[in-house]
Amino acid sequence: MTAVELGMPTVASDPHGHLRGTESFPRAAHRALADTQLRRNLGHATRTIRAKRAAVVGEVDDWEELRRAGESLKADTMARLPELLVQLEEQVTGRGGTVHWARDAEEANRIVVDLVRGTGADEVVKVKSMATQETGLNEALEAAGVAAFETDLAELIVQLSHDRPSHFLVPAIHRNRAEIREIFLREMPGVDPSLTDEPRRLAMAARAHLRRKFLTARVGISGVNFAVAETGTLSVVESEGNGRMCLTLPDTLITVMGVEKVVPTWRDLEVFLQLLPRSSTGERMNPYTSTWTGVTPGDGPQTFHLVLLDNGRSNVLASPDGRQALHCIRCSACLNVCPVYERTGGHAYGSIYPGPIGAVLSPQLTGISGPDDVNASLPYASSLCGACFDACPVRIDIPHLLVQQRAAAVAAHTRPTGQDLTMQAAAIAMTTPGRFKLAEKALGLGRVLAGRKGRITGLPWPMSGWTNARDLPAPPAETFRQWWERTHS
Amino acid sequence: MNAREEVLARLRTARDAGNPATPVVVTRDFATTGRLDPGSAAVLERLDETLTDYKATVHRVASEAEIAGAVVGVLGEARSIVVPAGLPGDWLRGYAGQVRTDGPPLAVDELDAVDAVVTGAAVAIADTGTFVLASAASDQGRRAITLVPDHHVCVIRAADVVCSVPEAIARLDPSSPLTFVSGPSATSDIELDRVEGVHGPRRLDVVLVGPG
C-alpha cells in the first residue's frame, strides 16, 4: 500500500522538511502575479495591517529604544546559545518536563510521533506553530495514523482546503471571507448550511467545530514564542484562545521549538511582549499570552515534553552577519510592508518561511547546492527598498543580508550566465569611443523592435533575462552624444 | 554521538565561528517606569480606555464594599458560576445562583456547564489593556476555570494597576502558569480585521476598584 492510495499527503522526503519549494521564485511569482483574486486579497489584508501597525507603533514613545534592546538581546542570545539551551534544559527538567534534541526535521517528527504513540492517543490538537510547519509534522503524524487537528482559525482554513500556509501570522491571508465560507461549507463536518461570510459568523463556526475536540483532547502540540533560559518558562502568544485550550486541557503537552527561540531572562519579556503584538497583529497586546514552567501539579498537562530543533540553525549561526536571520521573532511585519510579498504572496517563496525574512533565512537553513537550487533564487526576491528593515522590531538588516547572499551566489557560480555575457559585451563596446559610437548606431534597431507602442517586451537570449520580467523603453531617436555633435560641432 | 551532544557540538562550533570580536552589550534605554503612577486615578482611567477599546466592559466602583453590587449586576441571569477556592466570599454577596468552588477541581464538562467565572487578577497594564491571571494566586485559580466558561468577570484593584509592560513583568513570578488577557477572545485571521468571540470566553467584564 502506498500513502497515495490511502489518500494521505506524502511525508516530506527532504530531511529538512518544508524549507524548499519545487520551482524558482521568478517562475512561481509569474503564476502568482497572474492571479488577480490573490492580488486583491493580499492587497486588502496587507493595507489593513500596515495601517493598524503604524497606529499602535506611533503610540510608543520609546519604540526605537525597544527595537535596539530587542536587537542586542538577540545578539547576546546567539553569542551564548549553547549555554542558554543547556540552562533551559536544566530548568525544564528540574520542573518535571522532559527535553529532547533533534538534529533535523525528520528526527523531530520521529520523536513527536513516538511520544504521541506512547500515550495511546490517535488524535492531537495543535496550536499554530512555524516549527512544526517547517518539519512537516502533520504529514508525519498522519502517516503514523494520528489525526492532527489544527486549531488556529487561519491554519484550520489552510488544513481544510488542503492548501499551504502563505504567511507566518495568518497562514490563510491569501483567502478572502467569501472563499473561507466556501471552504467551511465544503469541508467542515456538520456546518450550518446557512453560514454567511460575515467574519463573526465564520469565527463562530470554527468555535462550534473545535469545541468538543478541545474538551476531550488528550495530547496537545504547540510551538513557542519565547523560552526563558533562566527560569525554564515557555510562552505562547495568541489571539483566539485555541492556544490556551491546547496548552491547558490535555494530559500531555508536546512543544517543538527552534533553538533560536530561547531568551536569557524572564525580564527580557518586558521588551518582546511590547515589540511582538504591535508589530504582528497591530494590537497593543494580543488577547492571550500563556506562560508555563515545566509541570504544575493541579494545573494543566501533567506530562510535558520539549523538543529542541536544530534543522540547519547551526549553519546560520556560523555566519557572523547571516546569524541575524535567527533573531526573527516571526511577527511578519516585513511581509506586510514588502512590495514583492504584497504582489506575489507567500507560496511563491516555496519555503514555509516567505517574505523578506524567509528570503534570507531559508537559503541559509538549507544551504545552497548549486545555481539550480530553487532557494538560490530567493535573495533576488526583493527590490532592496529597505521597508523590511524599518519595520523589523529587532532591527534585522534584511537588505544587507540579501545583498550579501547575492554576492556570495555570484562568487560561487562557475558557468557564465546570460548576465555575464551581456556585461562582457558591454565592456567591449565601452572600451573605445569608436566602438561606443558603433554601438549607439545599433540603438536604431531597438526603436524598430519597440514599434509604435514604444516598449520592447521580448528580446532573444541573453537579453531575455531582462525582458522576461520587465519591458524596456524604446531608445531615444537621438542619443546625448549625437545631440552634442549636432549642436556643438 | 547522541542528538543532544551533536546539536550542542555543532552550535558551539558555529557560535565560535560567527561570534563578533567584541562582546555584545545589551542596551535597555527604553522606559522601565510608566508615564502614569501605579494605582493613580490617571492610570485607572487609561486602563478603562484600553480595556474598552478591545471590547471588555468596564464597571468602575470606588471601594471594596461596592464590588459585590457590581459583580452581581454583571452576572445578571447567570444560573451558575465557578469561582477559585480563595475568592473573597463577600464579592458574591447577594448572588442568587449556584456557586461552584473549584476545589476539589471540577471536571472539564462541569466547567463547560457553568455560565460564568469570577476571579481576581495579579496585575493589570494600562498601556495595553491587559490583566494577568496567576495560577498560584488563590483568588485566580488554575487556568482551565477562566478558559472554559463563556463569560469571565474579573475584579481588578487599583493597587494592582501599573502603566507599562516592564512594570508588570517585574511584579510577576513565572514559576507558576500565567495568562495575560487583553479583551475577550478574538481573531484577526479573516482579512486581518479583529473580530471578537472565538474559543476563549466571548464576554469579558472587568470590575475596576479605585478612585475614578
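The legends below describe views of a predicted model.

**View 1. Overall fold of chain A.** Chain A contains 23 helices and 12 strands, counted as DSSP runs of H or I with at least four residues and of E with at least two. Its C-alpha atoms fill a box of roughly 95 × 55 × 55 Å along the principal axes. Of its 489 residues, 57% are buried, that is, under 20% relative accessible area with a 1.4 Å probe and protein chains only.

**View 2. The nonpolar core and F184(A).** The largest nonpolar core comprises 142 residues; such a core joins buried Ala, Val, Leu, Ile, Met, Phe, Trp, Tyr and Cys through side-chain atoms within 4.5 Å. F184(A) is one of the residues with the most contacts inside this core. Beyond its neighbours within four places in sequence, F184(A) contacts residues including L153(A), I157(A) and L202(A), a contact being heavy atoms within 4.5 Å.

View 3. R202(B) occupies the loop between β11 (193-196) and β12 (203-209) of chain B. Because its relative accessibility is 29%, R202(B) counts as partly exposed, the class between 20% and 50%. Residues up to four places away in sequence aside, R202(B) touches M204(A) and R207(A) of chain A, together with D150(B), P184(B) and G197(B). D109(B) is 93 residues from R202(B) in sequence and 18 Å away in space, C-alpha to C-alpha.

**Notes.** Residues are numbered from 1 along each chain as its sequence is written, and chains are lettered from A and ligands numbered from 1 in the order written. Local features need pLDDT of at least 70, side-chain atom pairs count only at pLDDT 80 or more, and totals for chains, interfaces and linings use all residues, while side-chain values use heavy atoms, without hydrogens and water.
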